[in-house]
Amino acid sequence: MDTTAPNFGPPQGERELAAAEDIRNQAFALPPEESRGWQQKIEALDAHLRVLREGDRVAATIVLIPMGQWFNGRRVPMVGIGGVGVAPASRGKGTATRLMQAALRELRGQGAPIASLYPATQPLYRRVGFEQSGSRFEIRVQLHGLDFQERTLSLRPVEAADLPALREVYRRYAQRQQGWIDRTAYTWTRVTHPRGETAYGYLVEGSAGIEGYLYLTRRVQPHGLLQELNLTDLAALTPAAGRRLLSFIGDHRSLAREVVWRGGPADPLLFLLREQTYEVKHLFTWMLRMLDVPAALQARGYPAGFSGALHLEVDDDLFPENRGRFVLEVDNGEAEVRPGGDGDVKLHVRALAPLYSGFLSPAALQMAGVLEADEASLRTATELFAGPPPAMPDMY
């Protein structure tokens, strides 16, 4: 092993690759054959593997996945964090904290304004500035309730030549949501090639082109012949596309009782159902970290037609550059951020994350004791960050 290697960075040599793979296998209870070639797969999909070294050995691993996230119609560059694993002998020694601090410093140095993750444990990530900022829900619909007979749009299997158009449909659909990601090759692979399953894609199109699509896997239920339909993706740009896709799913009622997909707490397709023949179950709460406060505030979208200023005073234990006072000035939805101001809204960078995403209102944050503000500033902040509940159907 190269003893001059920095404590944090890409794995160097086969020995470190094998050590990182072993840590991942133990952390996520994966069989070795499933992890084989992990590094090559990650790099091929535009993600980056990093390791933390302690002495002459690899003590922890992490995967960094550059992508984007939509907030009020604007794409904010974001890095998704996954594959966080610590060698069993290194646990309980602050290794995970050092790993996260090193990763966040690298990301900020590269210009990333925000980072996001699904936590296995919250205290670790809160120590380095992450906070709850959105949700992932499971939507389970009984097929007997999908009594649609929409046939005006044509439906056919997805072909390889359709993929660029499908990705544009997803982008337009995700842009209308709050907190959905702008997918890269890494996250698209999870849609089209889910682990251990075969996904079949179907699209609907009209005279103007593709209006919606879904990817479907079939899961055999134990002790019976019926299946469960699992959607790895579902997008409909028009009401007709939504009804056509629901009709297609309902056509499977002789084979399955339920269809399940992931999304937000109020999927618009559920509004089309005649009866409440569905359940919405909370699965996870994801966390956000503001890496560059001014850049993140300026990149986000704000309500069109709104103009006003919010004076913030932010604290950050990891990044001194984020500490201090900032003025967020919005003119007809366009934002500029400058240092200074009166600091009328006081909060830690952790509390800024759910405010930024719209996960918690300013009043809710104030009631939780993590935000101080006068009434006028509360009203301004409420208008600036209002929107639908932030959600994320994807895992990474």
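These legends describe close-up views of a predicted model.

**View 1. Helix 6 and its length.** Helix 6 covers residues 163-175. At 1.5 Å a residue, its 13 residues should span 18 Å. The C-alpha atoms at its ends lie 18 Å apart, which agrees.

**View 2. The buried side of helix 6.** Five names make up the buried set of helix 6: Leu166, Val169, Tyr170, Tyr173 and Ala174. They sit on the same side of the helix, because their arc around the axis is only 130 degrees.

**View 3. Packing partners of helix 6.** The buried residues of helix 6 pack against both strands and a helix. The strands are strand 3 (57-71), strand 8 (181-182), strand 9 (200-206), strand 10 (209-220) and strand 11 (227-236). The helix is helix 7 (185-192).

**View 4. The second largest pocket.** This pocket holds about 200 Å³ of space. Its lining comprises 13 residues. Closest to the pocket centre are Gln177, Gly264, Ala266, Pro388 and Pro389. By class, the lining has 8 nonpolar, 3 polar and 2 charged residues.

View 5. Gln122 belongs to helix 5 (residues 122-127). Its relative accessibility is 22%, so Gln122 counts as partly exposed; buried would require under 20%. Leaving aside residues up to four places away in sequence, Gln122 touches Gln132 and Met287. Gln122 and Met287 are 165 residues apart along the chain. Their C-alpha atoms are separated by 8.7 Å.

Technical notes: Residues are numbered from 1 along each chain as its sequence is written. This is a predicted model: local features need pLDDT of at least 70, side-chain atom pairs count only at pLDDT 80 or more; totals for chains, interfaces and linings use all residues. Side-chain values use heavy atoms; hydrogens and water are left out. Helices (H or I, at least four residues) and strands (E, at least two) are DSSP runs, numbered from the N terminus. The expected span of a helix is 1.5 Å times one less than its number of residues. Buried means under 20% relative accessible area, exposed over 50%, partly exposed in between (1.4 Å probe, protein chains only). The arc is that of the directions from the helix axis to the C-beta atoms. Contact means heavy atoms within 4.5 Å. On a 1 Å grid over the protein atoms alone, a cavity is a set of points where a 1.4 Å probe fits but cannot get out, and a pocket is an open set with protein on both sides within 12 Å along at least five of seven lines; lining residues have an atom within 4 Å of a point. Grid points are joined across faces, edges and corners, and a volume is the space filled by probe spheres set on the points. Ala, Val, Leu, Ile, Met, Phe, Trp, Tyr, Cys and Pro count as nonpolar, Asp, Glu, Lys and Arg as charged, and the others, Gly among them, as polar.
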